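I opened my notebook to record what I looked up in this structure. My entries follow the picture below.

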Amino acid sequence: DKSTDEVLRTPSAFAADLYLQLTAQPDDPDAVIAAASADPGVDAFALQFAVTGNQFVITGPDGTGLVSPQTFQSITGSMGPFIDRGQPAATVDDVVLGETIAESIGADVGDLVKVDAGEQGDQEFIVSGIGRLSDGDETDLAFVTIPDGLTRLQSSDQLAINGAFVRLGEADTASRARLADLG
């Protein structure tokens, strides 16, 4: 039985690996990245990259589905999906799938899945883990790989920054204020 305040200060209590999410494009992205990653109250800071355009067709042992592949580039610390079983993606061949997409295509840890990457051709990945970004239906469709794995699906100049995520460590009031000022 945790107090409301304790739960709000502990992201894992509500199944998220982050405290703050930046989704609007800042006026000076480089300044925001530098300031957030240098703040002593920040335990982890990562950029989330996603493929642009349409969703991709993924084929597993028992069916097909649609995914919007993404990755996290850690600037400070480490951040990524919660792993319910298996391991985080560690190589260009690894992928962590959300529970719903894994179930719908009949995939589990160790299975081979194929993604139709258009001009890049079919790309095969091995399911290293089943996980989620946070509680909620939308993350049950997750397809998370490492940055180099994502570029197998779309060239790096076509990837889009989809957001920035911060997990606080021992952040004091001043640190929280500095991060709020960044947006």
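**Entry 1: a charge and a ring**

I began with Arg152, whose charged end sits over the ring of Phe125, 4.2 Å from the ring centre. I used this cut-off: NZ of Lys or CZ of Arg within 6 Å of the ring centre and within 35 degrees of the ring normal.

Before going on, I noted that this is a predicted model, in which local features need pLDDT of at least 70, side-chain atom pairs count only at pLDDT 80 or more, and totals for chains, interfaces and linings use all residues. I also noted that residues are numbered from 1 along each chain as its sequence is written, and that side-chain values use heavy atoms, with hydrogens and water left out.

**Entry 2: the aromatic pair**

How many aromatic pairs does the structure hold? I found 1. Rings of Phe, Tyr and Trp (its six-membered ring) pair if their centres lie within 6.5 Å; planes under 30 degrees apart count as stacked, over 60 as edge-to-face and the rest as tilted. The ring centres of Phe125 and Phe143 are 5.3 Å apart and the planes stand at 85°, so I wrote down edge-to-face. Phe125 is in strand E9 and Phe143 in strand E10 (residues 143-145). They are 18 residues apart, and the pair links distant parts of the chain. Helices (H or I, at least four residues) and strands (E, at least two) are DSSP runs, numbered from the N terminus.

Phe125 has 1% relative accessibility, so it counts as buried. Phe143 has 0%, so it counts as buried too.

**Entry 3: the cores**

Next I looked up the nonpolar cores. Such a core is a set of buried Ala, Val, Leu, Ile, Met, Phe, Trp, Tyr and Cys residues joined through side-chain atoms within 4.5 Å. The largest has 31 residues. Phe45, Ile58, Leu97, Val113, Phe143 and Leu153 have the most contacts inside it. Several elements give it two or more residues, including helix H2 (29-38), strand E2 (42-50), strand E3 (56-60) and strand E8 (112-116). Which element gives the most to this core? It is E2, with 4 residues. Apart from this core lies another, of 11 residues, among them Ala44, Ala89, Ile146 and Phe165.

I then picked Val113 and listed its contacts (heavy atoms within 4.5 Å). Leaving aside neighbours within four places in sequence, Val113 is in contact with residues including Ile58, Leu97, Gln123 and Phe125.

Gln123 got its own note. It is in strand E9. At 15% relative accessibility, Gln123 counts as buried. With neighbours within four places in sequence again left aside, its contacts include Val113, Arg152 and Leu153.

In E3, the covered face has Phe56, Ile58 and Gly60. The uncovered face has Val57 and Thr59.

Strands pair if DSSP finds at least two bridges between them. E3 runs antiparallel to strand E4 (residues 63-67), joined by 5 bridges. A hairpin through 2 residues connects E3 to E4. E3 also runs antiparallel to E8, with 3 bridges. I checked Ile58 on both sides. Its bridge partner in E4 is Gly65, and in E8 it is Val115.

**Entry 4: helix H2**

Which residues of H2 are buried? I found Val32, Ile33 and Ala36. They cover an arc of only 100° around the axis, which puts them on the same side of H2. The arc is that of the directions from the helix axis to the C-beta atoms. The face turned away from this buried side carries the exposed residues Asp30 and Ala38.

**Entry 5: a loop residue**

Ser78 lies in the loop between strand E5 (70-76) and strand E6 (82-86). At 53% relative accessibility, Ser78 counts as exposed. Ser78 and Phe45 are 33 residues apart in sequence and 7.4 Å apart in space, C-alpha to C-alpha.

**Entry 6: the whole protein**

The protein has 5 helices and 11 strands. Of its 183 residues, 42% count as buried.

How values were computed. Buried means under 20% relative accessible area, exposed over 50%, partly exposed in between (1.4 Å probe, protein chains only).
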